[in-house]
Amino acid sequence: MTKNKLIERLNKGPVICAEGFLFEIERRGYMSAGEFVPMVSLEHPEALENLHRDFQHAGSDIVQAFTYNGHREKMRVIGKEDLLEPLNREALKIAKKVATSSTGKEPNLMAGNISNSNIWNNKDKSANPEVEKMFQEMVGWAVDEGADILIGETFYYAEEAYLALKVMKETGLPSVITIAPMAENIMRDGVSIIDTCKELEQLGGDVVGMNCFRGPSTMMPYLKEIRKALKCHVAALPISFRTTKEHPTFFNLPDNNGCQCHTPHKTPFPTALDPMQCNRYEIKKFAKEALELGINYLGVCCGANPMLIREVAEAVGLTVPASKYKENMANHFMYGSNKRIPQHSKDYQDKA
Ligand SMILES: [Zn+2]
């Protein structure tokens, strides 16, 4: 029974899930920022496979098929609707290939993925039936291609999240559902963050929580409340940027270091967030704190890279393949403690 695989593992301890492929693939040069369509599964399948392998090596237990934004609406925006099904199937096949080749104690789980449709509207509901069809077709392909679990993520309308969960549940696969409220700190249809999560648990979500848009500091306060309010497993996948109370999401985060481009713009999103990147120690602190609260489904969304995923895994007591290459300052040419480091190098530490 597939259902037990995820829940049983979560009952035993932390399960790591890398997300944030959009930013990382863009950074690696295979996607346009802003447009953000995962054509990479068709155009550079080897780059997508490498991305998954890097995250697997860093400790991700779940290989999430990269179909975020690979939905009918986005494909219409870029005029490539005919490539919708091939894109999805290829992304799922690549994820399955990587998941089944894992060499860890436990096999990786391959996850099908649906997300915010961009056309859901609580005021004019005329497009909402189309959203259900979009979810159904993607979930159908995921089942076809052998998904072990399904992940619905980055929902900022409560009702859209409920619908996504309903569609995922119809497959009988374990379902993870995470919401991403924007800076108003409430879902766009007026439901509170906590009430949305409570309802998602009632609707049968196996894992319910938050992902994306918020960094550790503006996600954590809500996670504490969610953990208290829910009995099911909780998910925590922040972005790796330093959001603040004034700017709870990355959308309006000011670029304190000053964007150097000469195009006037109000905000740097999404191409100048680099100076606000959390370091490994901040991500470690977040993961440790989340685990201590009783949150076992952990990861990083936008801004994630393999180093940060390894940090999450190690913060919660896991040793992963990439642990072999964690910091080893003892052999540093100037700051190291190794006997062979010359004294004249050590003496220079403060002046370097
Ligand atoms: Zn994200």
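Q: Is Arg280 buried, partly exposed or exposed?
A: In this predicted model, Arg280 is partly exposed, with a relative accessible area of 22%.

Q: And which residue does Arg280 form a salt bridge with?
A: The partner of Arg280 is Glu327, and the closest N and O atoms of the two are 2.7 Å apart. Arg280 lies in helix α11 (residues 280-293) and Glu327 in the loop between α12 (306-315) and α13 (343-346), so the pair ties together parts that are 47 residues apart in sequence. Glu327 is partly exposed as well, at a relative accessible area of 35%.

Q: How many salt bridges does a search of the whole structure find?
A: The search finds 23 salt bridges. One of them joins Asp148 to Lys96, with the closest N and O atoms 3.7 Å apart; Asp148 sits in the loop between α7 (128-144) and β4 (149-155), while Lys96 belongs to helix α6 (residues 84-100), and the two are 52 residues apart.

Q: Asp148, buried or exposed?
A: Asp148 is buried, because its relative accessible area is 11% and the cut-off for buried is under 20%. Lys96, at 23% relative accessibility, counts as partly exposed.

Q: Switching to Lys166, which residue forms a salt bridge with it?
A: That is Glu132, with the closest N and O atoms 2.8 Å apart. The pair links helix α7, which holds Glu132, to helix α8 (residues 158-169), which holds Lys166, across 34 residues. Glu132 is partly exposed at 22% relative accessibility, and Lys166 is partly exposed with a relative accessible area of 40%.

Q: Which residues are linked in a network of salt bridges?
A: Arg72, Arg76, Glu81, Glu130 and Glu137 are linked in such a network.

Key: Residues numbered from 1 in each chain as written. Predicted model: local features only at pLDDT ≥ 70, side-chain atom pairs only at ≥ 80, totals over all residues. Heavy atoms only, no water. Salt bridge = Lys/Arg side-chain N within 4 Å of Asp/Glu carboxyl O. Helix = DSSP H or I, 4+ residues; strand = E, 2+ residues; numbered from the N terminus. Buried < 20%, exposed > 50% of the residue type's maximum accessible area, 1.4 Å probe, protein only.
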